[in-house]
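Here is a friendly note to read beside the model. Take a look at the chain, then go through the points one by one.

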Amino acid sequence: MQLLEKEAALNRSELENKMLLMRERAISDAKQYEAKTFQAQLTPEFLQHTLIQAFAQSLGNNTKFFFGEKIPSSFLNFASAATGDMASFKFMENL
């Protein structure tokens with residue numbers, strides 16, 4: 001009788017371990033799939049769109065006005081980045 005109980009407990013423990021392993025694998029696979037999907041979205045066009053969208057949103061929420069000689073050059077740098085010339089993008093460097 002004790003032998004049957006021990007075997008049943010061992011079988012139950014093995015099943016629980018298998019279920020836990022399967023659950024952890026499913027979570028790991030889902031995270032890996034999500035990371036690959038996100039990596040596929042990181043195209044230059046998407047990054048450029050995100051940059052323009054963030055800048056437009058900050059302009060809408062920002063009510064501050066800046067005056068000075070170097071301010072236009074920072075916006076020109078942003079404009080070059082928005083057109084895809086990310087090598088010359090040096091936002092706020094000249095301030």
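**Notes on the chain**

1. The chain holds 3 helices and 0 strands, where helices (H or I, at least four residues) and strands (E, at least two) are DSSP runs numbered from the N terminus. Along the sequence the pattern reads α-α-α.

2. Please keep in mind that this is a predicted model, in which local features need pLDDT of at least 70, side-chain atom pairs count only at pLDDT 80 or more, and totals for chains, interfaces and linings use all residues. Residues are numbered from 1 along each chain as its sequence is written, and side-chain values use heavy atoms, with hydrogens and water left out.

3. How confident is the predictor? The pLDDT (its confidence in each residue, from 0 to 100) averages 77 over the chain, and 62% of the residues score at least 70. Over residues 91-95 the pLDDT is below 50. Where pLDDT is low, the predicted coordinates should not be read in detail.

4. Now find Phe46 in helix α2 (residues 44-61).

Technical notes. pLDDT = per-residue confidence, 0-100. Contact = heavy atoms within 4.5 Å.
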